[in-house]
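Subject: Structure handover

Hello,

Here is the structure we spoke about, for you to open and look through. My notes on it follow below.

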Amino acid sequence: MPHYDLVIVGTGSGNSILDHRFADRKVAIVEKGVFGGTCLNVGCIPTKMFVHPADLAATPERAGELGVDLALRDVRWREIRDRVFGRIDSIADGGRRYRAEHEDNAHVTVYEGEARFTGRKELTVRLGDGSGEETLTAEEFVLAAGGRATVPDIPGLAEVGYHTSDTVMRIDELPRRAVILGSGFVSAEFAHVFASFGVEVTVVARSGALLRGEDDDVSRRFTDLAARRYDVRLDRRTVRARRTRGGIALDLEGPGGEETVEGDLLLVATGRRPNSDLLDVAATGIATLPSGHVVVDSRQRTGVDGVYALGDLSSPHELKHVANHETRVVQHNLLHPDDPIESDHRFVPHAVFTAPQIASVGITERDAAARGVRYVTATQEYGGIAYGWAMEDTTGFAKLLADPATGHLLGAHIIGPQAPTLLQPLIQAMSFGLDARSMARGQYWIHPAMPELVENALLALPLDG
Ligand SMILES: Cc1cc2nc3c(=O)[nH]c(=O)nc-3n(C[C@H](O)[C@H](O)[C@H](O)COP(=O)(O)OP(=O)(O)OC[C@H]3O[C@@H](n4cnc5c(N)ncnc54)[C@H](O)[C@@H]3O)c2cc1C
Ligand SMILES: NC(=O)c1ccc[n+]([C@@H]2O[C@H](COP(=O)([O-])OP(=O)(O)OC[C@H]3O[C@@H](n4cnc5c(N)ncnc54)[C@H](O)[C@@H]3O)[C@@H](O)[C@H]2O)c1
């Protein structure tokens with residue numbers, strides 16, 4: 001049974017642990033799928049590479065309001081798809097070859113297969129080439145096995161032939177009609193991509209609003225705007241899925257009774273769960289939450305000595321920048337066990353690359369009320385700043401929450417053009433403890449640029465004194 005200094009499970013963020021500083025350690029890295037993990041192969045990167053052409057394709061819809069008449073002549077789906085994966089697949093392949101074959105990695109063994117714990121600090125890999133199993137032990141483990149899309153238990157769903165985000169980006173032809181089940185991140189991004197490319201989209205949501213995790217004002221505004229672009233069915237329970245002559249049908253129950261929606265393609269976008277079950281972490285004594293997330297402390301240590309976990313396997317945020325941050329923490333703690341560092345999850349931002357874009361950090365007004373936090377808020381519309389006039393934006397806004405006594409920001413929520421970029425200085429202010437007044441008046445704001453949205457929102461906060 002081979003014994004290693006370090007075994008890493010998962011080559012998404014896990015692959016970034018290794019650099020020249022690990023050259024004196026005997027290392028194994030295990031991957032059951034494609035090198036590079038979710039973000040590179042089926043997540044952040046390909047989706048955003050589809051969103052950008054979708055943004056271009058959606059431009060004619062609005063340009064007429066500014067006196068510029070544009071027409072969308074064609075969307076060459078296969079060309080778009082092949083540009084995306086032509087770039088990504090070669091990065092994944094290069095990453096695998098580098099680890100498996102390059103002399104820099106002479107101390108690294110790559111196991112291609114599915115790992116599961118079979119004892120305390122003992123891992124068995126079922127090799128993907130069918131050649132059997134290999135059992136490994138190690139002094140230290142990094143578990144970076146991520147998560148997977150979940151599919152609800154709806155009668156008929158397993159039989160109709162649905163897509164998840166893992167498969168939908170590789171289709172050969174755009175469907176004429178797409179039904180998207182779920183109303184979170186994946187749904188919002190793919191609804192925009194498909195609708196912009198001319199697909200008739202229907203989004204089925206079980207609650208009363210899309211992107212319900214956002215601040216209520218943002219979620220409401222997004223729901224209203226989405227409903228102008230595609231068919232949005234709220235408060236719907238999906239009773240069954242079935243194949244029809246025309247495609248795939250979902251039978252729904254909602255406020256108006258029973259109804260059916262139909263598409264040529266069904267995308268199930270109903271969330272993800274961690275892979276802790278498939279990795280059988282319980283067999284090595286690691287605790288998990290009811291959600292399946294591996295329990296870790298602020299140094300990313302599990303309850304088993306020498307076993308770390310990071311990213312979607314242990315983080316409820318399920319975001320790549322969080323996995324990257326935790327990877328740096330684990331890497332440091334492996335290299336400097338006597339001088340460990342902790343993960344900082346105080347101000348984790350996120351962005352939804354839909355239309356309009358959405359970005360958020362910190363607490364929502366709903367959170368503040370639920371926690372009894374004293375707060376003030378200010379909302380600045382894009383339509384009230386010069387660049388917003390230039391764009392004729394009538395729907396976007398930035399909403400800030402702050403502590404009235406100290407002026408420290410508690411939350412920031414933006415819906416509108418370039419929302420993630422506009423949010424970044426607010427994340428910086430929160431991370432470094434800059435109060436709203438100092439931020440607004442302690443620097444120049446380029447005129448008449450879009451960040452004046454942030455400046456004006458900061459100045460509008462009704463702080464004490
Ligand atoms: C459609 C989509 C879009 C997204 N867009 C964004 C975005 O714009 N911004 C953002 O911040 N985040 C985004 N995310 C989330 C982001 O992709 C994840 O948070 C991130 O990839 C998690 O990284 P990870 O290293 O924890 O796991 P992963 O990247 O999932 O890596 C886990 C690896 O472990 C392997 N593995 C799992 N189990 C085993 C096993 N038992 N044995 C061997 N190998 C195993 C898997 O094959 C995989 O390669 C998106 C996700 C999706 C699905
Ligand atoms: N831009 C980004 O950062 C980005 C983009 C895509 C995905 N992601 C990550 O991937 C994760 C997964 O995305 P997602 O959109 O699948 O999940 P999500 O958690 O964002 O949304 C899941 C949606 O499915 C609904 N749902 C759950 N069970 C259902 C059921 N049985 N029937 C009908 N609806 C149901 C939920 O109400 C919710 O609307 C996200 O949480 C996010 O962390 C991030």
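Helices and strands here are DSSP runs, a helix being at least four residues of H or I and a strand at least two of E, numbered from the N terminus. Please keep in mind that this is a predicted model.

Domains

The protein is divided into three parts: domain 1 covers 3–149 + 273–335, domain 2 covers 157–270, and domain 3 covers 356–460. Between the C-alpha centres of domain 1 and domain 3 the distance is 33 Å.

Leu 211 sits in the loop that runs between strand S8 (200–204) and helix H6 (216–229). Its phi is positive, about 45 degrees, although Leu 211 is not a glycine. Is Leu 211 buried or exposed? A residue is buried if 20 or more other C-beta atoms lie within 10 Å of its own. Leu 211 has 24 such neighbours inside 10 Å, so it counts as buried.

Leu 211 is also one of the residues that Val 352 touches. Setting aside residues up to four places away in sequence, the contacts of Val 352 are Phe 185, Ala 188, Glu 189, Leu 211 and Ile 358. Val 352 belongs to strand S16, residues 350–352. It counts as buried because there are 26 C-beta neighbours inside 10 Å. Ala 269 is 83 residues away from Val 352 along the chain, and the two C-alpha atoms are separated by 14 Å.

Glu 392

Glu 392 is another residue other than glycine with a positive phi, near 55 degrees. You will find Glu 392 in the loop between helix H9 (386–391) and strand S19 (397–402). Is it buried or exposed? Glu 392 has 12, so it is exposed.

The sheet with S16

S16 is part of an open sheet of 5 strands, in the order S16-S17-S20-S19-S18, with antiparallel pairing. At the edges are S16 and strand S18 (376–381), each of which pairs on one side only. From one strand to the next, the twist averages 10 degrees. As a general point, side chains in a regular strand alternate between the two faces of the sheet.

S18 and S19 are joined by 6 bridges in the antiparallel sense. In that pairing, Gln 380 has Ala 398 of S19 as its bridge partner. Helix H6 lies across S17, S19 and strand S20 (409–415), and it runs at about 5 degrees to S20.

The hairpin of S10 and S11

Strand S10 (residues 237–243) and strand S11 (residues 248–254) run antiparallel and are joined by 6 bridges. Ala 241 stands opposite Leu 250 in S11. The hairpin has 4 residues between the strands, and Gly 247 has a positive phi near 160 degrees.

Two cis peptide bonds

The bond from Ala 355 to Pro 356 is cis, with omega near -5 degrees. Pro 356 is in the loop between S16 and strand S17 (358–362). The bond from His 447 to Pro 448 is cis as well, with omega near -5 degrees. Pro 448 is in the loop between helix H11 (436–441) and helix H12 (452–459).

The ligands

Which residues come nearest to ligand 1? Of the 36 residues around it, they are Gly 10, Gly 12, Gly 37, Gly 146 and Gly 311. Elements that each supply at least two residues of this shell are strand S2 (27–31), helix H1 (37–42), helix H2 (44–63), strand S3 (108–119) and helix H7 (320–335). By type, the shell around ligand 1 has 13 nonpolar, 15 polar and 8 charged residues.

Ligand 2 is surrounded by 22 residues, the closest being Pro 152, Gly 182, Gly 184, Val 186 and Glu 318. Helix H5 (185–196) and S16 are the elements that give two or more residues to this shell. H5 provides the largest share, 4 residues. The shell around ligand 2 divides into 9 nonpolar, 9 polar and 4 charged residues.

Regards

Definitions and conventions. Residues numbered from 1 in each chain as written. Chains lettered and ligands numbered in written order. Predicted model: local features only at pLDDT ≥ 70, side-chain atom pairs only at ≥ 80, totals over all residues. Contact = placed C-beta atoms within 7 Å. Near = placed C-beta within 6 Å. Nonpolar A, V, L, I, M, F, W, Y, C, P; charged D, E, K, R; others polar. Pairing = 2+ DSSP bridges. Axes fitted to C-alpha atoms, helices over the stretch in contact; angles between N-to-C directions. Domains from an automatic or database assignment.
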